[in-house]
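The sequence and the structure come first.

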Amino acid sequence: MIDNTIGGGDPGAGRDTWTRGVVVGVDGSAEGYRAFDWALAVADRHHSLLTVSHAEPLPVGPTVPLPTYDRAPLHDRGDEILRTALARAGNRPPGAKDVEVSVSIGTPAAVLTALSEDVDLVVVGRRGSGGSAHALGSVSAATAARARGSVAVIPASTEGTRPKRVVVGVSFEHDLTTALTLAFSEARQCAAPVKLVHAVQPLTPLASQSGSAGTDELYRELQSLLDLWTARYPSVTATAEARRGEPAEVLLAQVTAADVLVVGGRRHSRLVGRLLGSVPDILLADATGAVVVAHASRLDPGPHSELS
């Protein structure tokens, strides 16, 4: 559980411990190692155990009988990738937890999805070793869609490992606790401001004629949300605004490569899949900085936020 103690004088400051840990997937690609750097920094900030995971899928085909396939080269490759990642660790803060490693045989997205149930955050590069330069990678897309917990997707363009600002996409249709807890916890550890952004869908002509009562209520809800969370995290500077436009376009216009963007997510099963062009997909593919899809975990009391 994330320790987000509330009280006078912000007693939880410096103690936002993610006790279940952080997992990062590496595959030998530049973006995978970039994701490792980011994950290590966030794990150290939150006094959390980091597990570095590498999964090698078995070759499948009519000429490769699985029972007789030699798995030793796959483990050797995994060990080499993990050693390369760990060599990037450098100097770490006093008291930092050890880094664990895990080599698996299996589909990377399936391995990371299974691990997501028991950790605070899964981190993955946006495009892996086989990814296109102009598309969301299959592993990051599948992990973000199917994970049972929160997933951070890190593009190569991300600036630094300590965000200068945390931007949260706000939807009032579902509970926002998971996304906001993660966002304010990270902001407090980074001494960074939080910006809540709500996208107001363009009005139809009929809605425009009916007046602005609905809009006024929306602004009151947004202000109430801001008041609630700044009371919980008094040391975090936070602002909120609503902008007209499509959610993905509005949020992309608000973030830079030095920010982290946090949005709620709806978990999709492997069989059902997800709709192409959903808001999280667009953000994960096009944002220049880190994007966290904050799925509600099984321990959360209510439904999670959805932007889709």
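In which helix is Glu 31 found? Glu 31 is found in helix α1, which covers residues 30-45.

## Basis of the model

The model is predicted, so local features need pLDDT of at least 70 and side-chain atom pairs count only at pLDDT 80 or more, while totals for chains, interfaces and linings use all residues. Residues are numbered from 1 along each chain as its sequence is written, and side-chain values use heavy atoms, with hydrogens and water left out.

## The chain overall

The secondary structure comes to 9 helices and 10 strands; these are DSSP runs numbered from the N terminus, with helices being H or I of at least four residues and strands E of at least two. Of the 308 residues of the chain, 48% count as buried. Buried means under 20% relative accessible area, exposed means over 50%, and partly exposed lies in between, with a 1.4 Å probe and protein chains only.

The accessible surface of the chain comes to about 14,200 Å², and 55% of this belongs to carbon and sulfur atoms. Accessible areas come from the Shrake-Rupley method with a 1.4 Å probe; for residues, only the protein chains shown count as cover. Among contacts (heavy atoms within 4.5 Å) between residues at least 6 apart in sequence, 81% join residues at least 24 apart.

## Glu 31

Glu 31 counts as buried, at 10% relative accessibility. The side chain of Glu 31 reaches the backbone nitrogen of Arg 127 at 2.8 Å.

Not counting residues up to four places away in sequence, Glu 31 touches Gly 125, Arg 126, Arg 127, Ile 154, Pro 155 and Ala 156.

## Asp 259

Asp 259 lies in strand β9 (residues 259-264) and is buried, with 7% relative accessibility. The side chain of Asp 259 makes a polar contact of 2.8 Å with the side chain of Arg 165, and it also reaches the backbone nitrogen of Thr 256 at 2.9 Å.

Neighbours within four places in sequence aside, Asp 259 is in contact with residues including Pro 163, Val 167, Gln 254 and Gly 289.

## Gly 95

Gly 95 sits in the loop between α2 (72-86) and β3 (99-105). Gly 95 is exposed, with a relative accessible area of 78%. The C-alpha atoms of Gly 95 and His 47 are separated by 8.1 Å, and these residues are 48 apart along the chain.

Terms used. Polar contact = N/O pair within 3.5 Å; in protein donor to acceptor, adjacent residues only side chain to side chain.
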